[in-house]
Amino acid sequence: MILASLIFATIAALLHVYIFTMESITWTKPKTWKTFSITSQADAETTKPLAYNQGFYNLFLAVGALIGIIAVAMGAPQVGWTLVFSSCGSMLLAALVLAASGKKYLRAATLQGATPLLAVVLGVLAVTLG
């Protein structure tokens, strides 16, 4: 279960790095802003500072999870699991907030929240039963 948890945490982290890229680097490209239901280039430009900031939140969550994964693998489980649970738990809670924002966000929330959920559940089972 440890390996499965860490694999799902890695996938969650990589997804959040991808989200960072969209929000902080490619936000004003039509393909990206359409993904986030932005309706015009002008709106993308207006919301760029907000998206840029939000992207870094996603990057920091990803980095926390990745450092936690490395710590578990390197034999520091207390530090590692703390980081994995904190980072993936935050990703999961953000997905729940997104889901609560409206029905049109359910697909994105499910995509964003599934892997951190699995990482947390399997990690808790591994730590508890291990």
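1. Read along the sequence, the chain follows the pattern α-α-α-α-α. It has five helices and zero strands; helices (H or I, at least four residues) and strands (E, at least two) are DSSP runs, numbered from the N terminus. The model is predicted, so local features need pLDDT of at least 70 and side-chain atom pairs count only at pLDDT 80 or more, while totals for chains, interfaces and linings use all residues. Residues are numbered from 1 along each chain as its sequence is written, and side-chain values use heavy atoms, leaving out hydrogens and water.

2. On overall dimensions, the C-alpha trace spans about 55 × 30 × 15 Å along its principal axes. Of the 130 residues, 37% count as buried. Buried means under 20% relative accessible area, exposed means over 50%, and partly exposed lies in between (1.4 Å probe, protein chains only).

3. His16 lies in helix H1 (residues 2-25). It counts as buried because its relative accessibility is 0%. Leaving aside neighbours within four places in sequence, His16 is in contact (heavy atoms within 4.5 Å) with Asn58, Leu59, Ala62, Met91 and Gln112.

4. The structure holds five aromatic pairs. In the pair of Trp27 and Phe36, the ring centres are 5.0 Å apart and the planes are at 50°, so the pair is tilted. Rings of Phe, Tyr and Trp (its six-membered ring) pair if their centres lie within 6.5 Å; planes under 30 degrees apart count as stacked, over 60 as edge-to-face and the rest as tilted. Trp27 is buried at 8% relative accessible area, whereas Phe36, at 27%, is partly exposed. Phe20, Tyr52, Phe56 and Phe60 form one aromatic cluster.

5. Ser37 is in the loop between helix H2 (30-35) and helix H3 (41-73). Its phi is near 65°, a positive value in a residue other than glycine. Most residues other than glycine have a negative phi. Ser37 counts as partly exposed, at 45% relative accessibility.

6. Met1, Leu117, Val121, Leu125 and Leu129 make a nonpolar surface patch of about 460 Å². A patch of this kind takes residues with over 30% relative accessible area and no salt bridge, and joins nonpolar side chains (Val, Leu, Ile, Met, Phe, Trp, Tyr) within 5 Å; like charges are joined within 9 Å. A salt bridge is a side-chain nitrogen of Lys or Arg within 4 Å of a carboxyl oxygen of Asp or Glu. Val121 is found in helix H5 (residues 106-129) and is partly exposed at 41% relative accessibility.

Conventions
Areas by Shrake-Rupley, 256 points an atom, 1.4 Å probe, with all protein chains shown as cover.
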